[in-house]
Amino acid sequence: MPPKAPVKGKQSISTGADMPRRRTTRIREGDDMTDLGDGTDADDWSQAKTLEKPSDQLQLSEQDLKEEFTRILTANNPHAPQNIVRYSFKEKQYKQTSSVDQLAIHFSLDGNMLHKESDEAKRQKGKLGLAEASSDQAVSEAGEGAGAAEEGEGDKQEAAEERADDAATPAPTDKRKLTNQFNYSERASQTYNNPYRERGTATEPPPRATFAGNVTQWEIYDAYLEDFEKQEKSKEKKTIPGRKEEEKTRKKLTITETQSDDISRVSSASKIVERMVNQNTYDDVAQDFRYWEDVSDDYRDQEGTLLPLWRFSHDKAKKLAVSSLCWNPKYNDLFAASFGSYDFMKQGTGLILFNSLKNPSYPEHVFETDSGVMCLDVHPEHPYQIAAGFYDGSVAVFNVVEKKDGPVHRCTAKNGKHTDPVWQVRWQKDDSDNNMNFYSISSDGRIVHWTIVKNEMIYQDVIKLTIPDASAEGPDGIKVPTLGCGTAFDFHKQKDYLFLVGTEEGKVHVCSKAYTSHFIDSIDAHNMAVYKVAWNYFHSKLYITCSADWNVKIWEMGSKIDKNTDGTESPERKPLFSFDLNNSVGDVAWAPYSSTVFAAVTADGKVYVYDLNVNKYEPICEQMVAQKKKTKLTHIEFNPVHPIIIVGDDRGNVTSLKLSPNLRKVPKEKKGQPPMDASQKQQYELTKLEKILAMVREPTESNAAN
């Protein structure tokens with residue numbers, strides 16, 4: 001609609017003569033600019049207002065006037081650009097921006113505010129003459145000035161008298177803080193400063209020594225000649241080995257060389273520092289190893305758990321499998337591990353590593369071999385001597401003390417080397433001449449006795465694993481006896497002449513060192529290859545076997561071969577216990593602290609722990625240990641002192657696990673009685689095992705008759 005025309009009417013114009021009769025009163029002291037009229041000119045605005053209609057105004061009907069037109073107002077700026085493009089460094093291209101600034105400024109005025117007590121405000125008041133006006137603020141306007149002046153004089157006199165009274169009796173002055181004109185809030189805070197502490201330590205200075213010397217040309221020449229003579233002597237000694245005097249001089253030379261070497265001087269100190277750093281790094285694992293106990297075992301009687309502790313690995317052993325594990329008999333934190341390959345199409349080098357629980361990051365000693373190491377054993381009395389068997393059929397002896405990268409002794413094809421891989425070696429007590437000796441078993445069917453005499457290894461075949469029923473025909477029709485493939489053996493704990501042998505055919509033979517032509521006993525134990533045989537630590541007639549046919553069996557050796565009622569030999573022997581683990585069993589081991597506890601590992605990455613005293617049918621612990629899928633566990637070994645086990649897999653890793661209290665139950669000590677010694681503990685464990693065996697043994701003829 002068109003805008004209305006302004007109203008044309010008479011308006012009163014105030015002149016200068018009317019100004020005095022308009023009185024103004026101040027509303028408040030702080031408002032200097034607001035004035036109100038006294039109402040004298042209110043009649044000038046009460047006149048009636050007349051509306052004048054423009055001549056050119058559009059004539060609209062009532063219907064047109066009632067018609068509504070809807071208009072929508074938006075806040076968008078019509079002049080704002082819609083196609084702004086900016087470069088995106090993330091997508092590396094130009095992209096159109098979605099957000100556009102719609103703000104349009106129509107009016108902008110920069111203002112200025114000053115505090116009235118500031119220097120600049122005082123200067124401006126002085127220029128404008130506002131100071132005098134503020135001083136006359138209490139004075140009234142014309143018409144009431146005389147009366148107000150008198151009242152003001154009276155007030156001044158009263159104020160003067162009050163000041164005199166106040167001077168006579170002084171009172172505390174009330175200084176009020178002036179309010180801020182612009183409503184500022186003033187706050188102050190101060191932070192707390194911690195007190196400084198100074199600490200100082202003084203260390204003893206390292207010892208110093210002043211030395212001086214003159215070096216001449218002939219002294220340098222003599223030093224070079226001595227070094228050259230040492231090198232020539234060392235070459236001669238390498239060509240002529242076997243003499244004691246030469247060995248002594250060689251040791252002296254090595255001592256002098258290590259003393260001159262700077263690295264060897266700090267080797268022991270660097271080892272200590274390395275162990276300290278690792279102790280700080282793996283402090284939580286070390287605390288668990290020492291103090292952690294699974295509290296949940298108190299609420300379950302027939303179950304236990306395994307706590308993973310350290311994990312040992314080496315860069316050169318990643319593509320190899322752990323083929324054997326053995327704890328050091330003297331140092332309970334040290335163990336040896338051999339590495340080879342069970343994939344017979346991919347054979348290469350091997351390793352022997354010595355790891356310590358005190359330094360999980362790197363092995364203490366490393367031996368690299370040209371063939372895969374399939375087994376090893378640490379000497380029980382000389383823990384620095386290690387016997388090892390290789391995939392190429394040779395056996396060797398390593399000495400950790402001697403600074404030598406290779407073996408001290410190794411057999412060759414000339415002195416009794418096996419023709420197939422060596423699966424197990426085992427040290428025996430020194431013979432009557434105090435010569436160290438050990439046994440080895442191989443797939444070629446031979447069990448060989450090796451004796452170290454001076455600087456050579458002498459071999460002797462103990463027994464050949466012949467298969468009586470199977471024989472092959474030679475080229476001339478002559479029957480050639482077929483040899484079985486030996487895979488594992490174990491010597492009796494009390495009778496060292498008695499030993500067990502496991503074969504690839506699934507048989508277990510009881511053999512003696514005195515009989516080289518026949519077996520004392522033979523059992524068809526398994527349907528596939530036997531991977532491990534082990535005597536019980538406490539029972540002299542009990543042994544355990546495991547095989548690739550998924551079974552773990554416990555056997556009891558009889559005094560004679562079992563016979564039927566008619567006197568004929570029975571071809572089948574039944575085990576006392578048989579456990580099916582649903583996968584190939586790589587290794588089994590008896591616990592050294594209990595006669596009824598044993599553990600086994602399978603190819604699906606699981607560890608099984610059994611306690612016959614708790615449950616004769618099911619494991620009390622079944623736990624997945626392998627971190628990756630398709631990882632096979634190959635070997636397991638109990639620590640002789642600490643409640644931990646170590647497990648090796650086919651990816652070159654060795655994992656240590658702690659047994660929960662339910663997995664390592666020991667006899668409780670009675671109050672008021674001294675603790676049991678070794679013989680009493682042996683008798684207790686034997687009695688506990690005999691009670692269980694009496695429940696599963698088949699009754700004999702004499703018992704049946706009674």
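Reader: In this predicted model, which side chains meet in a salt bridge at 3.1 Å, N to O?

Author: The general idea is a side-chain nitrogen of Lys or Arg within 4 Å of a carboxyl oxygen of Asp or Glu; here the side chains of E685 and K688 form such a pair, with 3.1 Å from N to O. The two residues are 3 places apart in helix 10, so about one helical turn separates E685 from K688.

Reader: Are E685 and K688 buried or exposed?

Author: Both E685 and K688 are buried.

Reader: Which parts does the salt bridge between K658 and E293 tie together?

Author: In this pair the closest N and O atoms of K658 and E293 are 4.0 Å apart. Because K658 belongs to strand 32 (residues 654–659) and E293 to the loop between helix 9 (283–291) and strand 3 (306–312), the pair ties together parts that lie 365 residues apart in sequence. K658 is buried, with a relative accessible area of 1%, whereas E293 is partly exposed, at 35%.

Reader: Which residues are linked in a network of salt bridges?

Author: D377, R426, D490 and K493 are linked in that way, and the count of salt bridges by this rule comes to 19.

Reader: Turning to nonpolar side chains, which residues of the largest nonpolar core touch the most other members?

Author: Of its 21 residues, those are I544, V552, I554, F577, F579, L581 and F598. The elements giving two or more residues to this core include strand 23 (542–547), strand 27 (597–602) and helix 10 (678–696). Leaving aside residues up to four places away in sequence, F598 touches, among others, I544, V552, I554, F579 and Y608.

Terms used: Residues numbered from 1 in each chain as written. Predicted model: local features only at pLDDT ≥ 70, side-chain atom pairs only at ≥ 80, totals over all residues. Heavy atoms only, no water. Core = buried A, V, L, I, M, F, W, Y, C linked by side-chain atoms within 4.5 Å. Buried < 20%, exposed > 50% of the residue type's maximum accessible area, 1.4 Å probe, protein only. Helix = DSSP H or I, 4+ residues; strand = E, 2+ residues; numbered from the N terminus. Contact = heavy atoms within 4.5 Å.
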